Amino acid sequence: QVQLVESGGGLVQAGGSLRLSCAASGRTFSTYAMAWFRQAPGKEREFVALISWTAGRTYYAESVKGRFTISKDNAKSTVYLQMNTLKPVDTAVYYCAAKLSGSTPRYDYWGQGTQVTVSS
């Protein structure tokens, strides 16, 4: 089992920045990759960014490339999402997720989410 706890959400003006954190505990050594997703009101959950746990390879949704940066601290078992130049369309609940295998698209564990609200 892997437990994920997000933090760092809040209210920010357009153009501002926030850093989200996701602390993992439990069997974190079995993690293949960690990712951030988000879900805006009335919309489906969408992929934001991913980082592979060992190699540190990163992938981003086109909508956040150049503005968001995903990173990790293996010693702290924590993944971060630095969000810059925030826009009102970035308003959503942000979820951290962990996958144990790179051969399937399935994410095995999810956090409870943290709200990010960007005002215009």
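The structure is a predicted model. A search of the whole structure finds one disulfide, and it joins Cys22 to Cys96. The largest nonpolar core has 29 residues, and a second, separate core has six.

**The disulfide**

- The sulfur atoms of Cys22 and Cys96 are 2.0 Å apart.
- Cys22 belongs to strand S3 (residues 18–26) and Cys96 to strand S9 (residues 92–99), so the bond ties together parts that are 74 residues apart in sequence.
- The disulfide is left-handed, because the torsion about the S-S bond of Cys22 and Cys96 is about -80 degrees.
- Cys22 is buried, with a relative accessible area of 0%.
- Cys96 is likewise buried, and its relative accessible area is 0%.

**Strand pairing around S3**

- Strand S1 (residues 2–7) pairs with S3 in the antiparallel sense, over six bridges.
- Within this pairing, Val2 has Gly26 of S3 as its bridge partner.
- S3 also pairs with S8 in the antiparallel sense, and six bridges connect these two strands.
- Cys22, one of the two disulfide cysteines, stands opposite Val79 in S8.

**The nonpolar cores**

- In the largest nonpolar core, the residues with the most contacts inside it are Leu4, Met34, Trp36, Leu81, Met83 and Tyr94.
- At least two residues of this core come from each of S1, S3, strand S4 (33–39), strand S5 (46–52), strand S7 (68–73), S8, S9 and strand S11 (114–119).
- The second core, which is separate, includes Ala33, Leu50, Ala97 and Tyr107 among its six residues.

- Thr91 is found in the loop between strand S8 (78–83) and S9.
- Its C-alpha atom is separated by 8.7 Å from that of Pro41, a residue 50 places away along the chain.
- Apart from neighbours within four places in sequence, Thr91 is in contact with Ala40, Gln115, Val116, Thr117 and Val118.
- A polar atom of the Thr91 side chain lies 2.9 Å from the backbone nitrogen of Val118.

Key
Residues numbered from 1 in each chain as written. Predicted model: local features only at pLDDT ≥ 70, side-chain atom pairs only at ≥ 80, totals over all residues. Heavy atoms only, no water. Disulfide = S-S within 2.5 Å. Helix = DSSP H or I, 4+ residues; strand = E, 2+ residues; numbered from the N terminus. Buried < 20%, exposed > 50% of the residue type's maximum accessible area, 1.4 Å probe, protein only. Contact = heavy atoms within 4.5 Å. Polar contact = N/O pair within 3.5 Å; in protein donor to acceptor, adjacent residues only side chain to side chain. Pairing = 2+ DSSP bridges. Core = buried A, V, L, I, M, F, W, Y, C linked by side-chain atoms within 4.5 Å.
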